[in-house]
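Biologist: I'm new to this structure and would like to learn how to read it. Could you walk me through it, one feature at a time?

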Amino acid sequence: MENNILGLHHITAIAGNAKRNYEFYTKVLGLRMVKKTVNFDDPGTYHFYFGDEKGTPGTILTFFPWEGIGQGRTGTGMATDIGYSVPKDSLAFWADRFKKFNIKHGEAAERFGEPYLSFRDPDGLNIDLIVSNNEDRRKPWETEGIKADVATKGFHSITLTLKNMKATAEILTDVLGYKLVKQEGNRYRFITDAIDHAAIVDILEQPGTAAGYNAAGTNHHIAFRVKDDNILMAYREKIAGSGLSITPKIDRDYFFSLYFREPGGVLFELATDNPGFTKDEPLNELGMHLKLPKQYESARAEIEKVLPSLS
């Protein structure tokens, strides 16, 4: 199983205000700030990583908070809805919490036999809290107001909204090892059996929907998990052999990555487990310090001046 895609590694989205983004995900949703760094291509912009205690693959939601970027638009050709796994009987807690913090949310509903609650973060990003049919044994990050019996455990699923699912489905099944297991209307559920969590990709086929526009409140890309560099590069050959253009291996400090755009337009990444987020700060201090890619360390003073305050 270790040679397969191990579900989702991380999901990266866009926000329009760093302080608001940081406060929502740590104080309202109760995630841990695992790493505070900067965008490799734009060091004047933060790159936040939120997850569980260790930043375990399958729990990591990351953001590029571009100040004042403006509102994006969800639509076809993008990942549109993030699913988080939550414990049984926790949705009422979350509905009350969202009311307390004035967070837009829907009513509890059911999809594929699983209860869920939809809400939007302050930028309008679509997120579902889902009670899985399968027991999720992952240990959540706890805060003073959010204990283990209600806390998010990591990703349940990601939804891709596409005009036509056929070519994307073939990449999921023939290249990445997923299987189509269920359908409800125009929603198709793909699952990998290589891991028992963060294992689901839903495709929502909407041929009449306009293309999405990437800005605040939208997902930038999704990353699939592989164990190490050797497996990463084996997948590079496989993906290139399928006729898709794919990047060389890129060192992202905490994992190694490849990027390619699947036929439906969604940017996919493959990311390794190694070396992990304790590479440059101890576990008990994760997310407390601004960590810079080595090429920017000499410019730390200048970078710190332009990054917005989080306090």
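Biologist: Let's start inside. Which residues does Leu 232 touch, leaving out those up to four places away in sequence?

Modeller: One thing to keep in mind is that this is a predicted model. In it, Leu 232 touches Val 226, Lys 249, Phe 256, Ser 257, Leu 258, Leu 270, Ala 271 and Thr 272.

Biologist: In which helix is Leu 232 found?

Modeller: Leu 232 is in helix H4, which covers residues 229-241.

Biologist: And is Leu 232 buried or exposed?

Modeller: The idea is to look at relative accessible area, where buried means under 20%. Leu 232 has 0% relative accessibility, so it counts as buried.

Biologist: How far is Leu 232 from Thr 56?

Modeller: Along the chain they are 176 residues apart, while their C-alpha atoms are separated by 18 Å.

Biologist: Let's zoom out. How many helices and strands does the chain have?

Modeller: There are five helices and 16 strands. The radius of gyration is 18 Å, close to the 19 Å that the globule rule gives for 311 residues, so the chain is as compact as a globular protein of that length. Along the principal axes, the C-alpha atoms fill a box of roughly 50 × 45 × 35 Å.

Biologist: What share of the residues count as buried?

Modeller: Of the 311 residues, 56% count as buried.

Biologist: What can contacts tell me about the chain?

Modeller: Look at how far apart in sequence the touching residues are. Among contacts between residues at least 6 apart in sequence, 67% join residues at least 24 apart.

Biologist: Now for charges. How do I read those?

Modeller: Side chains of opposite charge can pair when their charged atoms come close. This chain has 38 positive and 42 negative side chains, and the centres of the two sets lie 2 Å apart. A search of the whole structure turns up 18 salt bridges.

Biologist: Which salt bridges does Glu 23 form?

Modeller: One is with Lys 19, with the closest N and O atoms 2.8 Å apart. Another is with Lys 27, at 3.8 Å from N to O.

Biologist: Where do Glu 23 and Lys 19 lie?

Modeller: Both are in helix H1, residues 18-28, and they sit four residues apart, about one turn of the helix. Glu 23 and Lys 27 are also four residues apart in H1, so about one helical turn separates them. On accessibility, Glu 23 is partly exposed at 25%, and Lys 19 is partly exposed at 28%.

Biologist: Which residue forms a salt bridge with Lys 227?

Modeller: That's Asp 228, with the closest N and O atoms 4.0 Å apart. Lys 227 has a relative accessible area of 32%, so it is partly exposed.

Biologist: Which residues are linked in a network of salt bridges?

Modeller: Glu 114, Arg 187, Arg 189 and Asp 202 make up that network.

Biologist: Back to helices. Which residues of helix H3 are buried?

Modeller: In H3, residues 166-175, the buried ones are Thr 168, Ala 169, Ile 171, Leu 172 and Val 175. After H3 comes Gly 177, with a positive phi near 85°.

Biologist: What should I look for in the backbone?

Modeller: Most residues other than glycine have a negative phi, and most peptide bonds are trans. Here, Asp 89 isn't a glycine, yet its phi is positive, about 65°. Asp 253 isn't a glycine either, and its phi is positive at about 70°.

Biologist: Where does Asp 89 lie, and is it buried or exposed?

Modeller: Asp 89 lies in the loop between strand S5 (78-85) and helix H2 (91-100). Its relative accessibility is 68%, so Asp 89 counts as exposed.

Biologist: And where is Asp 253?

Modeller: Asp 253 is in the loop between strand S14 (250-251) and strand S15 (255-261). With a relative accessible area of 10%, Asp 253 is buried.

Biologist: Which peptide bond is cis?

Modeller: Take the bond from Asn 274 to Pro 275: it is cis, with omega near 0°. Pro 275 is in strand S16, residues 267-275.

Key
Residues are numbered from 1 along each chain as its sequence is written. This is a predicted model: local features need pLDDT of at least 70, side-chain atom pairs count only at pLDDT 80 or more; totals for chains, interfaces and linings use all residues. Side-chain values use heavy atoms; hydrogens and water are left out. A salt bridge is a side-chain nitrogen of Lys or Arg within 4 Å of a carboxyl oxygen of Asp or Glu. Helices (H or I, at least four residues) and strands (E, at least two) are DSSP runs, numbered from the N terminus. Buried means under 20% relative accessible area, exposed over 50%, partly exposed in between (1.4 Å probe, protein chains only). The radius of gyration is taken over C-alpha atoms; the globule rule is 2.2 Å times the number of residues to the power 0.38. Contact means heavy atoms within 4.5 Å. Lys and Arg count as positive and Asp and Glu as negative; His and the chain ends are not counted. The place of a charge is taken as NZ of Lys, CZ of Arg, CG of Asp or CD of Glu.
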